Amino acid sequence: MTPALTDVDRAIRRNRAAALRRPPVLVAAVVVVAVAAWVLLLADGTPAGAAADDPGKFLVTALDAVTFAGLSFVAASGFTLIFGLMRTVNMAHGSLFLLAAYVAIRVQEAMVGRSRNIDPADVGLLDWVVPLLAGAGVAAVLGLLIQQVFLQWNEGQEMRQTLMTLAITVVLADQMLREFGGLAQRMVWPGTVTHFFSIFGERYAATRLFMLAIAVLIGVLLWLWLNRTSIGMVIRAGVDDRQMVRGLGINIRRVFALTFLVGSFLAGVGGVLGASFAGAAPGTDGSWLLNALVVVIIGGLGSLKGAAAGSLLYGTVVAFSPAYLPSQYSYYAIIMTFGLLALVLAVRPYGLFGRPA
Amino acid sequence: MTRDDALLEVRDLRTGYGASLVLDGLSFSMGVESVAVVGRNGMGKTTLCDTLVGFLPASGGEVLLAGRRLDGMAPETIARAGIAYVPQGRRLFPSLTVDEHLAMLARRARGRRWTPDAVYELFPRLAERRHHGGADLSGGEQQMLAVGRALLLNAPLIVMDEPSEGLAPTIVDVLVEIVRHLVAEGVAVLVVEQNLRAAVRLADRQLVMVSGRIEAQFTGDELLNRPDLQHRYLGVGSAAPAGAATGRRHTEGE
C-alpha cells in the first residue's frame, strides 16, 4: 500500500470515529449547560441554594472542589506516571498512600511528644514537614523494593504485574492493621496554617488552601522535572516508544526504577496530605486507589495534564453533588462520579488526554 | 565474504517469529563504507535491522562489531557498543519537540563529534523548527531528526531502514550527501532499501536479500544496468538477459 493510500485510510477512519462520537459530544454539551443552569439559577431547595442567590456558598463549594482536586492530583500523579511508562497498573498505590500516612502520624507523635489529642498550636511547621518526608520516603523505598523484587522480572507482563501488586495490597493491609490498629488516626496540621478566614460571610479553613498550595507546588515541580530535565524527556519518550528509547542506548530499567521511586513518593505525599485532611484508617487505601483510578481514567492513563484535568473534574463533581443535589437526593452524589466517567469515556474513550497504548 | 578490516560481521544469523524463520543463515560483513541491502517486500530486511540492533532476539548465528559479539545483548547495550538505528517510519517521539529529541541524548554526546549543535549545523532546517513537536514536521524533516538523533550516539555504524521512504527527491539528495559525508568521516552506514534507485545512490555495494539470506552482491552500476538481475532478484524490470551475469553469488569466505 502506498503512503498516500494509508493517509486516505487514516482520514476515513478518523472521520468515521469523529462521526461516531458526535452524539456523545452533543449529550455532553447539553449536560454541561443543564448543570450550569441548574447550579446558577434553579437549585433552590438544595443544601447550597441557587448560586445566583447565594454566591458565597457557590464560592466555598468551588474552593472545596479545587482543594480536593489538589489532593486527588497528588495521589493520582504518581499512579499515572508509573502507568504511563511501565504500563503497570500499580494496585499497591493505595497501600503506599496509607502506609506513608501511618508512618507520618507516628513520627509526628514522636516529635510532638504526645500520642493523642495533639493541639495544632503544639505542631510547628517542621513537626509536619519532617513526618511528611519520612512517610513519603518510606513509601518511596517500599515502592522501589516492590518494583525491583517483583515487577522487573515480569517486564511486559502487565496482567501478572497487576495481580502481584494486588496481592501486595492485601498483605500490606493486614500488616498495617496489625501494626497501626483499626481506629481512624489523624495527622495534625501545623498551627501556623490552622485558622479560618471569611469569604462572603462563609468561614473557610486555611488548611485546605495550604493543601492546594502544596499540590500546585508538586504539580509545578513535576512539570519542570518532566519537561526541563533530560531524565524527564527520557520518561516522556518512554511513554511514547519504550523500545526506541532502549535503541538509543538508554537503560530503561534504571528509568523504570526511578519512576517507581518518584511515583511511590508522590503516593506517600498524597497519603500524608490525606491523613491531615480526612484521617487514615483501614480501608483508606482502597478508597484512595479508587480515587486515583477515577482521576486517571477521566484524564487519560499516563498523562500528567490528564491527571490535573481529571482531578479538577472529579473534585468538581465530588464537591458540587452534595451541595447542589436536592436535599433528599444528596445521598446519591457518588452516582454523579460514575455519570462523569461514562460521559467522558463516551466522548473520549482513552480519557481527556490519553492515547491508545 | 570475510574481510580482515571488517567492522560489522554477521555470521549465519537466524531469526524467526514462532516456528517460521525470517532470517535463515544470513551472512555478510562490511568495513567503514556504505552498504545497501536490497530485496523484495517480505524478504526479511526490516527483521535484519531489528535483529542487528537487538529489538528482535536472534535464534542463532553471530553479530560482531569490531570483533565484539553483540547478538543476544539488550538494545541499549548494542546501541552503546556502537550501532545506531534510524528505523523504518522514523519512530520519533510524538510528545517531544525537536530540541528535546536531541537534548535527551546531549549529555553522553558532550565533547564528541556529534552534539546537538553539530546536528543543527548539519540540518539548519531542524534548528529553525527546534521548538516544534516531532509529529508537526514534514517527512523530510522527520527523517533529518531521526538521522540527527542516531548521530548523537556517535556510533561507528549507523543502520538505516528504508530511509528514502516517502521522501521528495531533493530530500533524498540531502540524505545521499550526508551518507557520503559520514563515510568520509569514518562512520559505516548500512542501508536497507526497497527503492533500488535510492539504494544505488546511497551505497557503494549492494547486497541482495532473498528469503532471509544474502544471495548475491553487486555494484550499483551492475544492478542498475541489468534489468535481468533486477527481475531475478527484485521482481522489477524485464526478464530478458542482457549478457552474462557479472554479479557474484554471495558465499561465505568470498
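This note sets out numbered points on the predicted model of chains A and B.

1. Basis of the model. The structure is predicted, so local features are considered at pLDDT of at least 70 and side-chain atom pairs at pLDDT 80 or more, while totals for chains, interfaces and linings use all residues. Residues are numbered from 1 along each chain as its sequence is written, and chains are lettered from A in the order in which they are written.

2. Nonpolar core. The largest nonpolar core comprises 178 residues, and Ala100(A), Ala101(A), Ala104(A) and Ile83(B) have the most contacts inside it. Such a core is a set of buried Ala, Val, Leu, Ile, Met, Phe, Trp, Tyr and Cys residues joined through C-beta atoms within 7 Å. Buried means that 20 or more other C-beta atoms lie within 10 Å of a residue's own, exposed that 12 or fewer do, and partly exposed the range in between, with C-beta atoms placed from the backbone. Helix 2 of chain A (residues 55–86) gives the most to this core, with 15 residues. Helices (H or I, at least four residues) and strands (E, at least two) are DSSP runs, numbered from the N terminus.

3. Surroundings of Ile83(B). Beyond its neighbours within four places in sequence, Ile83(B) is in contact with Leu52(B), Val53(B), Leu65(B), Ile78(B), Ala155(B), Leu157(B) and Val159(B). Contact requires the C-beta atoms of two residues, placed from the backbone, to lie within 7 Å.

4. Annotated spans. An unreviewed UniProt entry lists several stretches of chain A as "transmembrane region", including residues 23–43 and 128–151; its positions are given in the numbering used here, feature names are shortened, and annotations may be inferred rather than shown by experiment. In the model, residues 23–43 of chain A are 95% helix and 0% strand, with end C-alpha atoms 27 Å apart. Residues 128–151 of chain A are 100% helix and 0% strand, and their end C-alpha atoms lie 33 Å apart.

5. Helix 3 against helix 9 in chain A. Helix 3 of chain A and helix 9 of chain A (residues 252–278) pack at about 55°, with axes 7 Å apart. Axes are lines fitted to C-alpha atoms, for helices over the stretch in contact, and angles run from 0 to 180 degrees between N-to-C directions. Helix 3 of chain A is therefore oblique to helix 9 of chain A; angles under 35 degrees count as roughly parallel, over 145 as roughly antiparallel, 65 to 115 as roughly perpendicular and the rest as oblique. Among the residues making the contact are Ala100(A), Ala101(A) and Ala104(A) of helix 3 of chain A, and Gly268(A), Gly271(A) and Ala275(A) of helix 9 of chain A.

6. Helix 3 against helix 5 in chain A. The axes of helix 3 (residues 93–112) and helix 5 (residues 158–180) of chain A come within 9 Å and cross at roughly 20°. The two helices are therefore roughly parallel to each other.

7. Interface. In all, 23 residues of chain B are in contact with 18 residues of chain A. Helix 2 of chain B gives the most to the side of chain B that touches chain A, with 4 residues.

8. Backbone points. Arg90(B) has a positive phi, near 70°, although it is not glycine; this residue is in the loop between strand 6 (83–86) and helix 3 of chain B. Arg90(B) counts as buried because it has 22 C-beta neighbours inside 10 Å. Ser211(B), likewise not glycine, has a positive phi near 45°, and is partly exposed, with 15 other C-beta atoms within 10 Å.
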